[in-house]
There are 2 protein chains.
Amino acid sequence: MIEDKNPQRTPLENLGEFGLIDHLTKNFDIKHSSTVKSIGDDAAVLDFNNNKQIVVTTDLLIENVHFDLSYVPLKHLGYKAVIVNLSDVYAMNAIATQITVSVAVSNRFPLEALEDLYAGIETAAKIYNIDVVGGDTTSSTTGLIISVTAIGEVAKEDVVLRSGAKANDLVVVSGDIGAAYMGLQILEREKEVFKVNPQSQPDLSMYTYIIERQLKPEARKDIVALLQKLKVKPTSMIDISDGLSSEIIHICKQSDVGVELYETKIPLDPQVISTCEEFKIDSTTIALNGGEDYELLMTISQEDFPKIKGNPNLTVIGYITEKSRGMHLITRGEQVIPIIAKGWNALNNQE
Amino acid sequence: MIEDKNPQRTPLENLGEFGLIDHLTKNFDIKHSSTVKSIGDDAAVLDFNNNKQIVVTTDLLIENVHFDLSYVPLKHLGYKAVIVNLSDVYAMNAIATQITVSVAVSNRFPLEALEDLYAGIETAAKIYNIDVVGGDTTSSTTGLIISVTAIGEVAKEDVVLRSGAKANDLVVVSGDIGAAYMGLQILEREKEVFKVNPQSQPDLSMYTYIIERQLKPEARKDIVALLQKLKVKPTSMIDISDGLSSEIIHICKQSDVGVELYETKIPLDPQVISTCEEFKIDSTTIALNGGEDYELLMTISQEDFPKIKGNPNLTVIGYITEKSRGMHLITRGEQVIPIIAKGWNALNNQE
């Protein structure tokens, strides 16, 4: 009755998340012509007709792995659970249209807690114009688990994959980065303070922006609309959920190219810079490896540069090279250092 | 920093799963014309074009809530996680085409365990001709969590909802029911025996069918094909995951009709009957309230009866009445008793 215990036990840590998915799914065949793009991008692309393609993406959020309810309000959590999935849809240059939401909870959660969670989901659905079209609620033996699947649509000719970057393309990032990670550091610090002195009333007004970026991130639907308006179709695109380093490496590997990024060009909010100084951390390290920014990282053809030049939402941070040139960051001091994926989980020691 | 604690705490048990979903989603608006059918059926129906409709459904499986790894081999679990979702797609009279699979595991699982799980997923995908188009793997603080989303396609005119049953329609069930629940009883009994005497070598050969129905259920893709071949379009359909009672109540409520089911017509496998005798349980109670059979329960127009008559896969078990007549079971002794939803979880005391 009990399954055979395989004597070989390879610890999961040896693979890491991406290695694990590749390893586990490498034998899966594509059988339907409607499956245009399967595992390996931000979302799957399905083509059921001649006009629109459908994108599908899914994420699983686990208490004490992805969120800490001691400082994350449930309404914010519901909002964020939707956002992280929409961000993947927008990274395909698609418009998100529907989501399904599954939730598992232990009996320590009263109805009102779930109402808060769903209020956040509803708010995100309203703001981003999404239909919640299904889901599942069930019990959990321990904490809270949220699984969201998002579906989007996009004209066939508009889909942007990770694999289209070409040498000499410009590397462009939306908004600014590193803030969500520094917001998390503030929240973790205040949690420790609260443990020692529950009466403390911290003044967090100087951290408003970075805390909001952590607790209530937005997905860049506006950037997809902006690109459409500017008539710019990126050659490749990805959302920044694990940090700039790890995302640009995805683009380079899947596009078979190299990259040079310029430290001085990376857009940082002043609160990120001042908080990094306070924490005595290098802000570039945070920009490269801090996660959860949900900005869009893309490559565009040089000839599109005049269209985006001076736009406050988009910053050119480097350019794509031949693969043989490798992947490097050019520092403020003009040092050339290799780009390595660490990812925010490694920084954060959560996984 | 900490969210407001709402003083009102309504225990979740007061609502039950269906009440909870209704309660939590009642304010969600439908914004897209592409959302044809949202929450409230086996799957959501999306229409992105003029030819095919797309169905999407999702399920979350949690260790020690939905499965017990002390007797469920991981390969079977992976297979079953896919099947339970495909069953929902077939219940729409659709063909399943893609799935996404997300998995969270604690570090007590070695790679080989996840390989077994994915081998089961792959086997189901092969047999049912499904593309695995996405997913997420992450860590869990405790047990194993699996979230599957399935997508299917169906010609617009072929979609079957729960809401189309009409008075005088026949109630038809595929296969036989109650077996999965009795298989679970055997497995639970053997687990207790094993705890007392780990050396025991139980002879389970007389329970092969019911154990297989529990550990490795199938989804009735063949029934969707059969109905197509017989040119029968059910007026309503649902898959039997929670027990016949609860499913027929769904159909009646959503179709605004009543029903009369005949105890003597309910198809039971001989192993179910003998095992019920052994456990001194009434087999009709099990058929009505035992779950996880993944058979299809449908209603068909009387004029379609000649097309299904004598087909060994389909059994007529009753007929639809006006709503005012209520929902009843006519027993072997011609007693008329009301049909009440208990569901297998209630029977099983798992939730």
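Predicted model: local features only at pLDDT ≥ 70, side-chain atom pairs only at ≥ 80, totals over all residues.

Reader: What makes H7(A) largely enclosed by the rest of the structure?

Author: Nine of its twelve residues are buried, so helix H7(A) counts as largely enclosed. Among the buried ones are A:Leu244, A:Ile248, A:Ile251 and A:Cys252. To be called buried, a residue needs 20 or more other C-beta atoms within 10 Å of its own.

Reader: How do you know that the span of H7(A) is close to the expected one?

Author: The expected span is 1.5 Å times one less than the number of residues. For the twelve residues of H7(A), 244-255, that gives 16 Å, and the helix reaches 16 Å from its first C-alpha to its last. After the helix comes A:Asp256, with a positive phi near 60°.

Reader: Why are E9(B) and E12(B) called paired?

Author: Two strands pair if DSSP finds at least two bridges between them. E9 (residues 258-262) and E12 of chain B are joined by four, and they run parallel, so they meet the criterion. B:Val259 is opposite B:Met327.

Reader: What makes E12(B) and E13(B) a pair, and in which sense?

Author: Three bridges link E12(B) to E13(B), in the antiparallel sense; at least two are required. B:His328 has B:Pro338 as its bridge partner. Five residues lie between the strands of this hairpin, and B:Glu334 has a positive phi near 65°.

Reader: Which residues make up the covered face of E12(B), and which the uncovered one?

Author: B:Met327 and B:Leu329 form the covered face, B:His328 and B:Ile330 the uncovered one. In a regular strand, side chains alternate between the two faces of the sheet.

Key. Residues numbered from 1 in each chain as written. Chains lettered and ligands numbered in written order. Helix = DSSP H or I, 4+ residues; strand = E, 2+ residues; numbered from the N terminus.
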